Amino acid sequence: MIGRKQLLEHAKAQGATDIHICAGAPVLFRIGGRLVPVTKEKLSAQQSREIAYDLLTAEQTKLFEERLDYDLMLAEDNGRYRINIGFFDSAVGATIRVLPAYARTIGELFLPDVVRDLAHRRKGLVLITGATSQGKTTTMTAMIDEVNTTSEKHIITIEDPIEYTHVNKTGVVRQREIGRDTQSFQSGLRAALRQDPDVIAIGEMRDYETIKIALTAAETGVLVLSTLHVISIDKILERLLSYAPAHDEGQLRFLLAESLQGVIHQELVPTVDGRQRVACEVLVMTSASRNIIRRKGGYFLRSVIETGKKHGMVTMDESIHSLLDQKSITEAVAESILANYK
């Protein structure tokens, strides 16, 4: 059986972002966005189970067998890992996210300058959006680090689970994990409002109650950062309104129009050197975009971004062509990404 330490160290050495343990398949590493087999033989159900269980304590194993799914963070000498273990066609398997050893900065992620500007807003809501595994948490962490490094501010994070740990710099960062430090995003967010915050970072917008409290906090003088799963900025209204009861749609539109400061929508793009870079489009709120949110459909936001360069807005087309000019990505990759933004 592959030992836990050997598996994790090999993944880090290969630059993998994820490890897949699956019965009936070899051990797979996600490298540069692609799944790459790293063992010659396919895992049996017993081997897959043994590797997955090696990641758990006896207490965690018991909880997993009760719940059938289990999420955990694993901190080893060689790094931190976010792990999901579950049953797949009656066989136990695992997915392991390999987390960077430290929070990367806005500069290290090559994010546009407007992201730094949004991190320094005094109040309001800033959303980082994208599909699953597109680096949203990494970007939010970089924005937290920017505030922590440059401002004497009190930052509270509410996460499930905590992926990156912060140390206090110019500011103070207090991190809370769902299930360990607070019961839920809603309860943690309500408590945060009584803890004298300057910035609240919410791991993910998952339900209407969390969205409402976050918007209220943003409206009353706190900067709120959060992530949201959505495939493009012009779908953001549709996604947020899908959480709200029909009779509350008008109120949610009003709160969003008043509180939203900007949206960073991103994709991780495979580069020619086998790594990944962030490509993003950025919406900065203006009177035009606020009116759209109050009264219209989200697809009108596309034209605001395309004409908003003077406000710091960035289109996905500009971001992708910048990567092309740097020879970081191929024409084929550029075309595949931009096909979804026409």
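How much space lies in the second largest pocket? About 200 Å³, and I'll come back to that pocket in a moment.

Good morning, everyone. A word on the ground rules: this is a predicted model, where local features need pLDDT of at least 70, side-chain atom pairs count only at pLDDT 80 or more, and totals for chains, interfaces and linings use all residues. Residues are numbered from 1 along each chain as its sequence is written, and side-chain values use heavy atoms, with hydrogens and water left out.

Let's start with helix 2, residues 45-53. Helices here are DSSP runs of H or I with at least four residues, strands are runs of E with at least two, and both are numbered from the N terminus. Ser48, Ile51, Ala52 and Tyr53 of helix 2 are buried, meaning under 20% relative accessible area with a 1.4 Å probe, protein chains only. What do they pack against? Their neighbours are helix 1 (4-13), helix 3 (58-67), strand 1 (18-21), strand 5 (79-88) and strand 6 (91-99).

Next, a hairpin. Strand 2 (residues 28-31) and strand 3 (residues 34-37) run antiparallel, joined by 4 bridges; two strands pair if DSSP finds at least two bridges between them. Leucine 28 has proline 37 as its bridge partner. There are 2 residues between the strands, and glycine 32 takes a positive phi near 60°.

Now for the empty space. Rolling a probe the size of a water molecule over the atoms shows where such space is left. We use a 1 Å grid over the protein atoms alone: a cavity is a set of points where a 1.4 Å probe fits but cannot get out, a pocket is an open set with protein on both sides within 12 Å along at least five of seven lines, and lining residues have an atom within 4 Å of a point. Volume is the space filled by probe spheres set on the points, which are joined across faces, edges and corners.

Back to that second largest pocket. Its lining has 13 residues, and Pro112, Val314, Glu318, Ser319 and Ser322 lie nearest the centre. Helix 12 gives the largest share, 4 residues, while strand 13 (276-284) also supplies at least two.

And which residues line the largest cavity? They are Thr137, Met140, Thr141, Ile144, Thr157, Glu159, Tyr164, His166 and Gln175. This cavity holds about 50 Å³ of space. Helix 5 gives the most to its lining, with 4 residues, and strand 8 (154-159) supplies at least two.

Thanks, everyone!

Terms used
Buried means under 20% relative accessible area, exposed over 50%, partly exposed in between (1.4 Å probe, protein chains only). Contact means heavy atoms within 4.5 Å.
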